[in-house]
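This report describes the fold, the ligand surroundings and selected residues of the structure shown below.

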Amino acid sequence: MQKTMLVDTSKCTACRACQVACKQWNQLPAEQTEFTNSLENPANFSPVTWTKIVFGEEKNDNGRVFWPFSKQGCMHCTDAACIKVCPANAISRTDLGTVYIDESRCIGCNYCAANCTYNVIGFDRVANVARKCTFCYDRITNGEIPACVKTCPTGALQYGDRNEMVALANKSLQQLRAKGNDKANIYGLEELDGLGVLYVLESNPATYGLPENPKIRLSTHIWDIIFKPVRVLVVAAAFFALWMNRGDSKKQDSA
Ligand code: SF4
Ligand code: SF4
Ligand code: SF4
């Protein structure tokens with residue numbers, strides 16, 4: 001069953017309660033940040049920042065400033081570059097349609113972070129694993145809704161079956177159009193064969209820092225086609241090499 005999150009930016013106040021709830025539920029520590037002439041903080045996703053409010057700025061035709069912001073993180077793409085490149089099969093699609101990193105299988109190659117279409121994967125150099133939003137898999141498989149959705153005070157975040165979320169998004173879009181907003185649109189219906197996070201946007205995706213026509217790089221496809229059939233062998237060879245090196249080190253230590 002495909003589960004989806006709806007982010008309705010027309011209802012978001014940028015309070016960042018979702019950002020805090022994600023940290024709290026997933027026990028992610030705070031990190032030192034710097035002022036970057038923007039309210040966006042921290043500036044980047046990291047192993048301990050899985051979701052954040054992205055701020056933009058746009059001048060309307062009438063010269064007035066429009067201040068767009070949106071909650072962003074892993075989009076749980078249907079056509080997911082991270083799944084394609086992972087040589088250890090550590091990233092997979094769950095039974096609820098979300099994209100999940102199994103840290104116990106991650107070998108720390110960092111390919112997923114380098115290839116993610118939305119640049120949302122953080123790499124933990126100490127633990128040597130990749131981390132990102134789990135869609136609160138531990139919650140949604142126990143009948144709970146994601147922590148960020150649960151905490152959102154304005155109803156900007158919703159979670160449920162995909163068809164329900166699409167219907168909510170269309171309803172909000174019609175309301176925005178009825179108010180005269182011709183730029184309003186839904187993002188995530190077609191992009192990468194459908195995103196697990198749908199957006200109601202009040203302006204063009206680029207205004208929110210979202211790619212207008214996201215595509216998986218050709219090099220990622222080539223990697224997937226050529227490497228996939230042999231990746232188990234390559235991973236096994238890498239582990240064998242590590243094991244041999246460890247054996248050599250022990251011999252040197254005892255010599
Ligand atoms: S909690 Fe809701 S209103 Fe507040 S920033 Fe997040 S999405 Fe926006
Ligand atoms: S946003 Fe990045 S990490 Fe999330 S599913 Fe898409 S490619 Fe993978
Ligand atoms: S779904 Fe869970 S892990 Fe993902 S952003 Fe929301 S709170 Fe964080």
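A polar contact is a pair of N or O atoms within 3.5 Å; within protein, one atom must be able to donate a hydrogen and the other to accept it, and residues adjacent in sequence count only if both atoms are side-chain atoms. On this criterion, the side chain of D8 makes a polar contact with the side chain of S10, at 2.6 Å.

The structure is a predicted model, in which local features need pLDDT of at least 70 and side-chain atom pairs count only at pLDDT 80 or more, while totals for chains, interfaces and linings use all residues. Residues are numbered from 1 along each chain as its sequence is written, chains are lettered from A and ligands numbered from 1 in the order in which they are written, and side-chain values use heavy atoms, with hydrogens and water left out.

## Overall features

Of its 255 residues, 49% count as buried, where buried means under 20% relative accessible area, exposed over 50%, and partly exposed in between (1.4 Å probe, protein chains only). The chain exposes about 13900 Å², of which carbon and sulfur atoms supply 53%; the areas come from the Shrake-Rupley method with a 1.4 Å probe, and for residues only the protein chains shown count as cover. Contacts (heavy atoms within 4.5 Å) may also be sorted by separation: among those between residues at least 6 apart in sequence, 58% join residues at least 24 apart.

## Strand β1 and D8

Two strands are taken to pair if DSSP finds at least two bridges between them. β1 pairs with β10 (residues 157-161) in the antiparallel sense over 5 bridges, and V7 stands opposite L157 of β10. With β12 (residues 197-201), β1 pairs in the parallel sense over 4 bridges; here D8 stands opposite V200.

D8 counts as buried because its relative accessible area is 3%. Neighbours within four places in sequence aside, D8 is in contact with A156, S172 and V200.

## Ligand surroundings

A residue is near a molecule if one of its heavy atoms lies within 4 Å of it. For the classes below, Ala, Val, Leu, Ile, Met, Phe, Trp, Tyr, Cys and Pro count as nonpolar, Asp, Glu, Lys and Arg as charged, and the others, Gly among them, as polar.

| Ligand | Nonpolar | Polar | Charged |
|---|---|---|---|
| Ligand 1 | 9 residues | 2 residues | 1 residue |
| Ligand 2 | 11 residues | 2 residues | 1 residue |
| Ligand 3 | 9 residues | 3 residues | 1 residue |

The residues that surround ligand 1 are C12, T13, A14, C15, R16, A17, C18, I53, C152, P153, T154 and L157. Ligand 2 is surrounded by 14 residues, the closest being C74, M75, C77, C82 and C116. Around ligand 3 there are 13 residues, with C22, N26, C133, C136 and C148 the closest. Helices α1 (17-26) and α5 (147-151) each supply at least two residues of the shell around ligand 3.

E40 is placed in the loop between α1 and β2 (51-55). With a relative accessible area of 14%, E40 is buried. E40 and I53 are 13 residues apart in sequence and 6.5 Å apart in space, C-alpha to C-alpha. Beyond its neighbours within four places in sequence, E40 is in contact with R16, K52, I53, V54 and F55. A polar atom of the E40 side chain lies 2.9 Å from the backbone nitrogen of F55.

Most residues other than glycine have a negative phi, and most peptide bonds are trans. The peptide bond from N41 to P42 is cis, with omega near 0 degrees; P42 is found in the loop between α1 and β2.

N128, in the loop between β8 (122-124) and β9 (129-131), has a positive phi near 60 degrees. N128 is partly exposed, with a relative accessible area of 35%. L192, in the loop between β11 (185-187) and β12, likewise is not a glycine and has a positive phi of about 50 degrees. L192 counts as buried, at 7% relative accessibility.
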